[in-house]
Amino acid sequence: MESIVRRTTIPGPRSQAILARKEAVVPAALSVHVPVVIASAEGALVTDVDGNTFIDMSGGIGCLNVGHSDPGVRAAMHAQIDRFAHTDFTIIPYEPYVELAERLVALAPGTGPKKAAFFNSGAEAVENAIKFARAYTGRQAVVAFSGAFHGRTLLAMTLTSKTHPYKAGFGPFAPEVYRAPYPYTYRAPAGMSAAEYGLACADAFERIFTTQVASESVAAVILEPIQGEGGFVVPPVDFVQRVQSVCRARGIVLIADEVQTGFGRTGRFFASEHFGLEPDLLVVAKSMAAGMPLSGVIGRAEILDAPADSTIGGTYVGNPVACAAGLAVVAAMERQGLPARAELLGRHIRQHFLRLQERFPQIGDVRGLGAMMAIELVEDRQSKTPAADLTTGVLRRAIQEGAVFLRAGIYGNVIRVLAPLIIAEAQVDEAMGILARALAAETGR
Ligand SMILES: Cc1ncc(COP(=O)(O)O)c(C=O)c1O
């Protein structure tokens with residue numbers, strides 16, 4: 001049985017009416033990817049106000065690994081909101097915050113005493129991870145990588161690498177941020193293997209401390225174990241390990257930004273586990289609370305204890321309803337074995353993508369780990385010229401037919417899957433059928 005329901009053309013009349021009102025009162029920068037207005041969602045399906053149902057391969061940009069409207073998460077949130085909704089944890093503390101910290105500290109890679117602090121967004125957690133690292137080391141500089149995405153607030157935006165649309169026109173940026181190359185192996189220099197390119201990037205990373213900034217001035221290195229917005233770029237293990245050992249040798253705090261890769265997406269609870277990475281600090285957000293605004297920094301207790309009293313916080317940080325949702329997410333992930341499910345799902349998605357790659361020469365690369373899978377579209381496989389317009393066309397057509405896929409990539413030419421990990425195989429097949437038809441229509445094949 002098909003999941004997609006089509007009652008109107010997209011957008012239907014009710015969506016159109018609300019979107020017209022939106023145009024009048026919401027800033028133009030908040031443009032929408034799917035031109036419909038949602039009424040309800042469950043599992044991997046989203047239904048709009050006109051009664052059209054879509055398969056959601058985007059999961060609210062990777063926030064819904066447990067699926068839309070998970071019953072356990074809903075019940076936990078209701079139970080909490082019926083007791084109280086807010087105190088500010090540093091005014092009157094509450095147990096769900098402490099319990100979530102206990103759970104995440106136990107799940108995070110690395111031995112030794114760990115602690116966790118909660119915030120509202122990924123960007124806010126990134127900013128606070130840097131504050132912890134600066135307080136601990138007494139140093140100021142931060143090294144980030146090419147292709148990185150860390151958020152849209154001043155320091156997070158500065159750490160982000162892609163200029164358009166994230167940085168252009170928004171300077172001046174935060175000082176003391178340095179950039180090292182990340183091994184985007186699909187675009188390695190001609191004749192260089194992925195492993196060789198990983199080592200070349202690791203060498204270039206280490207050279208930074210000779211040519212750009214003294215390592216004794218560097219508080220932190222921030223690394224996505226797999227780049228998300230950058231295009232689902234998976235680095236060679238050796239590269240990640242070298243970054244880790246260089247940081248250790250030079251007393252630099254290594255921050256793994258797992259905002260997009262965490263909570264089972266890659267087949268492990270945290271992607272760091274694939275690389276033998278034991279970061280000093282782990283930044284989490286997105287799927288940790290199934291869409292509630294919640295993020296966190298988890299890491300070595302001595303680093304989290306370094307800032308002075310009241311230097312870390314915020315009115316809403318670690319909101320009790322969000323923490324209750326977070327606890328229910330961890331329980332749902334463990335009960336349903338979602339990291340293992342991500343591994344299986346990823347294999348299924350990869351098979352689909354590889355079949356599409358045989359058919360469409362415009363699919364230059366199929367890559368990812370676990371259910372964090374993507375394809376990169378190019379004009380042709382020799383030049384690898386990014387095919388951003390083709391990507392736009394394919395995504396639009398798929399949405400019209402009822403499958404919501406997302407774009408990624410430094411060149412805007414990657415189609416990524418961030419579907420709920422509870423999605424049925426049949427729903428993946430249906431969405432992939434639509435993707436194939438959209439590719440066929442846009443490429444004329
Ligand atoms: C790796 C990574 N870090 C940080 C962020 C920023 O998170 P937020 O949008 O919640 O501020 C994102 C968002 O996509 C992300 O993918």
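The chain comprises 13 helices and 15 strands, where helices (H or I, at least four residues) and strands (E, at least two) are DSSP runs numbered from the N terminus. The model is a predicted one, in which local features need pLDDT of at least 70 and side-chain atom pairs count only at pLDDT 80 or more, whereas totals for chains, interfaces and linings use all residues. Residues are numbered from 1 along each chain as its sequence is written.

The radius of gyration of the chain, taken over C-alpha atoms, is 22 Å, which agrees with the value near 22 Å for a compact globule of 445 residues; the globule rule is 2.2 Å times the number of residues to the power 0.38. Along the principal axes, the C-alpha atoms fill a box of roughly 60 × 60 × 45 Å. Of the 445 residues, 51% count as buried, a residue being buried if 20 or more other C-beta atoms, placed from the backbone, lie within 10 Å of its own, exposed if 12 or fewer, and partly exposed in between. Among contacts (C-beta atoms, placed from the backbone, within 7 Å) with a separation of 6 or more, 75% are between residues 24 or more positions apart.

Helix α3 (residues 71-81) packs with helix α10 (residues 320-336) at an angle of about 150°, their axes lying 8 Å apart. Axes are lines fitted to C-alpha atoms, for helices over the stretch in contact, and angles run from 0 to 180 degrees between N-to-C directions. The angle makes α3 roughly antiparallel to α10, since angles under 35 degrees count as roughly parallel, over 145 as roughly antiparallel, 65 to 115 as roughly perpendicular and the rest as oblique. The contact involves residues of α3 including V73, A76 and M77, and residues of α10 including V321, A324 and L327. By class, this contact of α3 with α10 has 14 nonpolar, two polar and no charged residues, with Ala, Val, Leu, Ile, Met, Phe, Trp, Tyr, Cys and Pro counted as nonpolar, Asp, Glu, Lys and Arg as charged, and the others, Gly among them, as polar.

The contact of α12 with α13 has eight nonpolar, two polar and four charged residues.

Key:
Contact = placed C-beta atoms within 7 Å.
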